[in-house]
Amino acid sequence: MPLFHPIDEKDVTRAIVGSFMRQFEEYAESDVIIVGGGPSGLMAGKELASKGVKTLIVERNNYIGGGFWIGGYLMNKLTVRAPAQEVLDELGVPYEEAQEGLFVADGPHACSKLIAAACDAGVKFANMTIFEDVVLREGNRVAGVVINWTPITSLPREITCVDPVAIESKIVIDSTGHDACVLAKLEQRGLAKTVGFGAMWVERSEDLLVEHTGEFMPGLIVTGMAVSTAYGLPRMGPTFGGMLLSGKRGAEVALEKLAEMK
Amino acid sequence: MFLSEVYIYSEPRCRSVDFQELLSYVKGLLPGTRVVLVGPILEEYINDFEDSLRKGVVRQLAESLAQAKVKTLESPVPDGQSVIAGEVAYEQRRLKDRENVVFGLIYDAHILSALYGSLIAATKSRIEHLHIIFTNQLIGTWDMADRRYHARTVLCGSPSIVSLSGITIAPAKEAGFYIARRSAEAFGFAEEEKMEVAAGFAGDCLNLDDPRLTEVAKGYIAQAVAHRLSGDAFCSDPDCRLYNAHRQRELIRAQLDSDSEYCVMHQELFNAQARTNGGQWTSDCM
């Protein structure tokens, strides 16, 4: 007797296509679209979805988690400063206190827990999907994103003249790291102006980043390293505590804005 | 130059500085001069308005502060610098929330001084008055020689500004501090780890929680006073509190380790001011 139930190949294909299409159709209109599935985007998504907000994360890579899998010098240990260990507690990530106020955790454990928490909360993902442009409404309010398959960008133009599609949302969150892809597109169109990397006190940059997390322009919230680009905060290395708390702050702002829209 | 009144504006966000002690010190340094301790200048200014007007005042101040922000060390802040909404919102949050201690931006010291000066009532802005404003924000001045901003501990003028974070940052730390930090950056260490590595090499440097800041701040007040009395804030003697320290160890030597507070010439400068005012102590605490 075979171990697995007998299924035809076409049934597998139909199951994949059917499930994907149902989700894609449903999330063509979301409450919040988060561009970038790194730690700040995942954190924002988890917080929003756990409050019942219909949230989609667009990620250009196949894998979710950004740089959260690994620490400096390819060593897979992550550090956070207090009070960010409270987020690790929430996620159920074990950690050690390296010294007072400094905590160290396994990168793979922390990242997989964060992804799982986002999934458990109800976040849906469009991975291998690249952000191409924004959807704008009256008063240059950001109201969605234009996306395409990531592999399109790696192929010769002659065979990749594939038009993108647009999906809509009440709020878009730019969590794309230093590239700040959404902001860059708006700047390219002359609709926004970012400051770039600035001249500030590097040792205070993490506090500043969390403090500056918020609405950049109507309909667009910025979290994580993209905040540095937006406001001219110092370029810094991975600061996972800052990313997690920035994601949380971004979600709080999004909830306020969604409440105002009701 | 005659000095009749000195106003010291406190910075409550820096809890390690005892402003009452600073008040007593200046009274001792300048007997006969009226010395007044005032609250933080921006809050004092806002509180002078009725509730209905404060929102607009905060918005206006926030925009002015954002316009003073140094966005790149390599180019001077232009007049009427354009600002984005989030920058103004950041300043508004700082103005509204006294407990908000998040800081670390650099502001153009001259633009900031002009802004502060515009907030001081004309009756208190006479030539014989000196206003010394403490802030926990970093200030910097544009240097035409190497065409970049330099962080400053103090800007002497009308008013003078003493940056408490500048005292901990502007004078250079020991070389090991920067080497360790650069090494950590080269290895791609997280910010938390970089700070940790650097802290081990920080050595005898001041930080914002340092109880010695009060003592050090006295020397920077004295520099502002000397500048007003003589036109020159600084002294070439490394053991005088008016020494313009470019390194933390120089700062600690001049402000904390020296046997005498001031060199003979500068002690005489303060003594002459005391004689001018008849040596009568007057003081207020507003």
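In this predicted model, the contact between the two chains takes 32 residues from chain A and 28 residues from chain B. On the side of chain A that touches chain B, H6(A) gives the largest share, 6 residues. Chain A has 8 helices and 11 strands, and chain B has 11 helices and 9 strands.

**The contact between the chains**

- Five elements of chain A each give two or more residues to the side that touches chain B: strand S3 (77–81), helix H6 (205–212), strand S10 (214–217), helix H7 (225–231) and helix H8 (240–261).
- By class, the residues on this side of chain A are 14 nonpolar, 11 polar and 7 charged.
- Helix H6(A) is largely enclosed by the rest of the structure, because 7 of its 8 residues are buried.
- The buried residues of H6(A) are A:Ser205, A:Glu206, A:Leu208, A:Leu209, A:Val210, A:Glu211 and A:His212.

**Chain A as a whole**

- Chain A comprises 8 helices and 11 strands.
- The radius of gyration of chain A is 19 Å, close to the 18 Å that the globule rule gives for 262 residues, so chain A is as compact as a globular protein of that length.
- Of the 262 residues in chain A, 49% are buried.
- When contacts in chain A between residues at least 6 apart in sequence are considered, 68% join residues at least 24 apart.

**Chain B as a whole**

- For 286 residues, a compact globule would have a radius of gyration near 19 Å, and the 19 Å of chain B agrees with this.
- Along the principal axes, the C-alpha atoms of chain B fill a box of roughly 60 × 55 × 35 Å.
- Of the 286 residues in chain B, 42% are buried.
- In chain B, 70% of the contacts between residues at least 6 apart in sequence join residues at least 24 apart.

**Helix packing in chain A**

- Two packed helices are described by the angle between their axes and the distance between the axes.
- Helix H2 (residues 39–50) of chain A packs with H8(A) at an angle of about 40°, and their axes are 7 Å apart.
- H2(A) and H8(A) are therefore oblique to each other, and H2(A) passes H8(A) in a right-handed crossing.
- From H2(A), the residues that meet H8(A) are A:Pro39, A:Ser40, A:Gly41, A:Leu42, A:Met43, A:Ala44, A:Glu47 and A:Leu48.
- From H8(A), the partners are A:Phe240, A:Met243, A:Leu244, A:Ser246, A:Gly247, A:Lys248, A:Gly250, A:Ala251 and A:Ala254.
- The residues of this contact of H2(A) with H8(A) divide into 10 nonpolar, 5 polar and 2 charged.
- H8(A) is also one of the elements that give two or more residues to the side of chain A that touches chain B.

**Helix packing in chain B**

- Helix H9 (residues 213–230) and helix H11 (residues 264–276) of chain B pack at an angle of about 70°, with their axes 11 Å apart.
- H9(B) and H11(B) are therefore roughly perpendicular to each other.
- In this contact, B:Ala226, B:Leu229 and B:Ser230 come from H9(B), while B:His266, B:Leu269 and B:Gln273 come from H11(B).
- The contact of H9(B) with H11(B) holds 3 nonpolar, 3 polar and no charged residues.

**Backbone features**

- Most residues other than glycine have a negative phi, and most peptide bonds are trans.
- The peptide bond from A:Ala82 to A:Pro83 is cis, with omega near 10°, and A:Pro83 lies in the loop between S3 and helix H3 (85–91) of chain A.
- The peptide bond from B:Ser158 to B:Pro159 is also cis, with omega near 0°, and B:Pro159 lies in the loop between strand S7 (154–155) and strand S8 (160–163) of chain B.
- A:Met128, which is not a glycine, has a positive phi of about 55°.
- A:Met128 is placed in the loop between strand S6 (124–126) and strand S7 (129–137) of chain A, and counts as partly exposed with 14 C-beta neighbours inside 10 Å.
- A:Asn140 has a positive phi near 55° and lies in the loop between S7 and strand S8 (141–149) of chain A.
- With 16 other C-beta atoms within 10 Å, A:Asn140 is partly exposed.

Methods
Residues are numbered from 1 along each chain as its sequence is written. Chains are lettered from A and ligands numbered from 1 in the order in which they are written. This is a predicted model: local features need pLDDT of at least 70, side-chain atom pairs count only at pLDDT 80 or more; totals for chains, interfaces and linings use all residues. Helices (H or I, at least four residues) and strands (E, at least two) are DSSP runs, numbered from the N terminus. The radius of gyration is taken over C-alpha atoms; the globule rule is 2.2 Å times the number of residues to the power 0.38. A residue is buried if 20 or more other C-beta atoms lie within 10 Å of its own, exposed if 12 or fewer, and partly exposed in between; C-beta atoms are placed from the backbone. Two residues are in contact if their C-beta atoms, placed from the backbone, lie within 7 Å. Ala, Val, Leu, Ile, Met, Phe, Trp, Tyr, Cys and Pro count as nonpolar, Asp, Glu, Lys and Arg as charged, and the others, Gly among them, as polar. Axes are lines fitted to C-alpha atoms, for helices over the stretch in contact, and angles run from 0 to 180 degrees between N-to-C directions. Angles under 35 degrees count as roughly parallel, over 145 as roughly antiparallel, 65 to 115 as roughly perpendicular and the rest as oblique. A crossing is left-handed if the near helix is turned anticlockwise from the far one by less than a right angle, and right-handed if clockwise.
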